[in-house]
Amino acid sequence: MNITEKILARASGKTRVVPDDIVFANVDKAMIHDVSGPGVIKVFDKLKKEGIQVDKLWDPSKIWVAEDHFVPSAEKISAENIVKLSKFTKQYGIEKHFKYGMGQYGICHTLSHEEALVLPGEVYVGGDSHTNTSGALGTFACGLGHTDVAYVLLYGKIWFKVPETLYFKLNGKLPQNVMAKDYILKIIGDIGTDGAAYAAMQFGGTGISEMSVESRLTLTNMTTEAGAKNGIIEPDQKVFDYLAQRGAKNYSPIHGDRDAEFAKIYEYEASDLEPLVAKPYSPENIAPVRDVSGVDLDKSYIGSCTGAKYEDLEAAARILKSRKVKIRTEVVPAAISIYKKAMENGLISIFLDAGVTVGPPTCGACCGAHMGVLAKDEVCISTTNRNFPGRMGHIESKTYLASPLVAAASAITGKITDPRDL
Amino acid sequence: MERIGKISSIVTPLDRPNIDTDQIVPKQFLKLVQRTGFGKFLFYDWRFEPNGTPKKEFVLNDPKYTSSHILVTGENFGCGSSREHAAWALKDYGFDAIIAPSFADIFYNNCFKNAILPISLDKKLSADIAKSNSVVGIDLKSQTITYDDKTIHFEIEPSRKKTLLEGLDDIAITLQYESDISDFEKAHRL
């Protein structure tokens with residue numbers, strides 16, 4: 001069995017599973033945020049009316065809550081949702097509620113690794129489609145709708161159809177100026193936005209062993225854009241060290257068998273990869289940066305669970321150091337811990353000196369919610385993960401998805417720019 | 001939950017691939033959490049001008065389709081954000097079935113929680129049904145679609161079918177397996 005199959009087998013008390021088996025799996029961790037949380041509360045209200053007991057959760061210590069989409073509260077409805085979330089966590093005794101303005105908080109998928117909330121070998125579900133991100137730690141992680149999440153919060157289990165696995169093998173180390181973002185964009189361009197529909201996407205090869213944990217998280221994050229059920233990477237010493245630094249212990253990682261089977265194997269040479277963008281209006285609409293260089297931009301956005309981890313900010317700062325931005329540029333660290341580290345290491349000063357606005361952690365403009373959304377016809381280069389029509393604001397705005405290096409280089413020139421050409 | 005068995009109505013054709021949940025319900029309505037009333041936000045930015053007047057050219061604004069309960073659309077329908085508001089809005093608007101060459105996974109699951117029958121059909125067949133101008137009949141029990149004097153078969157997992165036919169939600173389904181669950185619990189006590 002491969003790692004996805006082995007995790008689902010263990011979680012459902014089976015010795016062997018194969019793709020298409022239906023398993024009833026015990027969930028280890030679950031997450032809700034300020035959009036899915038109020039949705040779940042509504043589902044609870046409906047269940048209550050139907051006479052179903054909702055006064056106790058399966059295990060409050062395994063459930064955690066993020067405030068990320070509409071925080072700091074964008075307007076009064078968002079503010080009311082935040083109050084609702086606080087009441088909910090208090091009522092049910094959920095202690096892991098990361099509140100803005102009260103220390104560590106940030107984007108849910110970033111907290112999951114920054115705070116080591118999700119561990120190798122676990123089954124983790126969240127009320128958000130990018131829950132796949134945590135698979136980079138060797139976890140089976142996937143997003144669910146509100147009703148499914150409500151069910152997990154009550155019963156701690158859910159059924160899955162065991163997905164088949166597509167294996168992506170990367171040979172060699174990524175060249176300079178090429179980031180994990182370019183690799184995942186390349187893959188999505190090749191297989192399409194439904195190329196991995198209901199499949200697991202597993203990443204391996206020497207290129208992955210060479211890659212930092214944070215870079216790997218960029219890969220699993222965007223498996224969602226290929227329609228994948230989950231994205232996953234076999235955990236190695238880098239993952240164990242990363243989690244140990246964050247206080248994680250007592251977990252039992254799972255690795256795939258030597259004779260693990262995959263539905264399909266794709267192979268990539270790292271040396272063939274180059275900086276890419278996804279053009280409007282789909283993450284599969286891929287082009288080399290040099291093919292679109294010169295496209296005029298109004299804005300550069302360096303943020304989100306995909307593109308505002310510490311390393312992403314570090315990459316952007318390498319480019320922005322001692323330079324000035326020519327277009328509006330925002331850097332939005334994905335969590336307070338990242339913000340603090342960026343400040344301690346001088347990154348925030350580099351950004352401010354370059355003319356960048358640095359915002360508090362939030363999903364914010366990535367999902368077109370607030371704090372820098374786009375006007376009609378505005379063109380943005382962004383380190384985020386989606387560029388559907390209207391994703392970052394007006395339905396006739398345009399977003400190009402790119403790596404932090406490309407977004408920073410483009411901020412300097414005001415046009416889409418390959419960092420190699422700066 | 002409402003039962004879904006037979007559906008018959010004309011079909012609303014919306015021939016676009018990769019319609020993501022943000023097109024189905026734009027993000028500005030996510031803050032609202034009532035489960036009902038989302039129909040008025042369905043395909044909002046496609047349906048309405050910024051000042052709220054309906055866009056004449058958009059298919060849902062064609063009076064011909066007012067009584068339609070079947071949406072026929074392009075591949076990878078419901079991709080993007082996991083927001084269940086998308087299913088709420090389609091149901092509230094009046095759609096009981098959606099026919100498409102493929103669906104995004106989370107959206108597909110959300111349909112069954114909200115009494116919507118999603119049917120994956122071969123691209124050609126689906127395009128053929130989209131062109132039909134007369135009433136199309138869907139019978140979940142026999143897994144057939146009848147249109148233009150033709151009857152075709154569609155696939156659906158038996159457990160999913162049961163969910164819709166009997167109007168079960170996950171909680172109700174689980175309660176049916178209560179003894180299996182407690183056996184499982186006994187066998188796997190730590």
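Guide: Happy to, and keep in mind that this is a predicted model. Let's start with helix H3 of chain B, whose buried residues are His85(B), Ala86(B), Ala87(B), Trp88(B), Ala89(B), Leu90(B) and Lys91(B).

Visitor: What makes H3(B) mostly covered?

Guide: Seven of its nine residues are buried.

Visitor: Where is Ser82(B) found?

Guide: Ser82(B) sits in the loop between strand E3 (70-73) and helix H3 (85-93) of chain B.

Visitor: Why is Ser82(B) called buried?

Guide: Its relative accessible area is 6%. The cut-off for buried is under 20%, so Ser82(B), at 6%, counts as buried.

Visitor: Which residues is Ser82(B) in contact with, leaving aside its neighbours within four places in sequence?

Guide: From chain A, they are Gly127(A), Asp128(A), Ser129(A), Leu144(A) and Gly145(A). From chain B, they are Ile106(B) and Asn110(B). Each has heavy atoms within 4.5 Å of Ser82(B), because that is what contact means here.

Visitor: How far apart are Ser82(B) and Lys40(B)?

Guide: In sequence, 42 residues; in space, 20 Å from C-alpha to C-alpha.

Visitor: What can you tell me about chain B as a whole?

Guide: Chain B has eight helices and eight strands. Of its 190 residues, 58% count as buried. Take the contacts in chain B between residues at least 6 apart in sequence: 64% of them join residues at least 24 apart.

Visitor: Why give an area for an interface?

Guide: The accessible area lost when the parts come together is often used to give the size of an interface.

Visitor: What makes the pair Asp148(A) and Lys113(B) a salt bridge?

Guide: Their side chains meet at 3.1 Å, N to O. The limit is 4 Å between a side-chain nitrogen of Lys or Arg and a carboxyl oxygen of Asp or Glu, so this pair qualifies. Across the interface of chain A and chain B, the rule finds three salt bridges. There are also 11 residue pairs in polar contact between the two chains, both residues at pLDDT 80 or more.

Visitor: Which domains does the assignment give for chain A?

Guide: Domain 1 (3-268) and domain 2 (276-417). Their centres, taken over C-alpha atoms, are 24 Å apart. In terms of contact, 37 residues of domain 1 of chain A meet 38 residues of domain 2 of chain A. The area buried between these two domains is about 3000 Å², and carbon and sulfur atoms give 62% of it.

Visitor: How do you know that Glu225(A) forms a salt bridge with Arg386(A)?

Guide: Their closest N and O atoms are 2.9 Å apart. The rule asks for a distance within 4 Å, so Glu225(A) and Arg386(A) pass. Across the interface of domain 1 of chain A and domain 2 of chain A, the rule finds one salt bridge, along with 25 residue pairs in polar contact, both at pLDDT 80 or more.

Definitions and conventions
Residues are numbered from 1 along each chain as its sequence is written. Chains are lettered from A and ligands numbered from 1 in the order in which they are written. This is a predicted model: local features need pLDDT of at least 70, side-chain atom pairs count only at pLDDT 80 or more; totals for chains, interfaces and linings use all residues. Side-chain values use heavy atoms; hydrogens and water are left out. Helices (H or I, at least four residues) and strands (E, at least two) are DSSP runs, numbered from the N terminus. Buried means under 20% relative accessible area, exposed over 50%, partly exposed in between (1.4 Å probe, protein chains only). A polar contact is a pair of N or O atoms within 3.5 Å; within protein, one must be able to donate a hydrogen and the other to accept it, and residues adjacent in sequence count only if both atoms are side-chain atoms. Domain bounds come from an automatic or database domain assignment. Buried area is the accessible area (1.4 Å probe) that two parts lose on being put together, summed over both.
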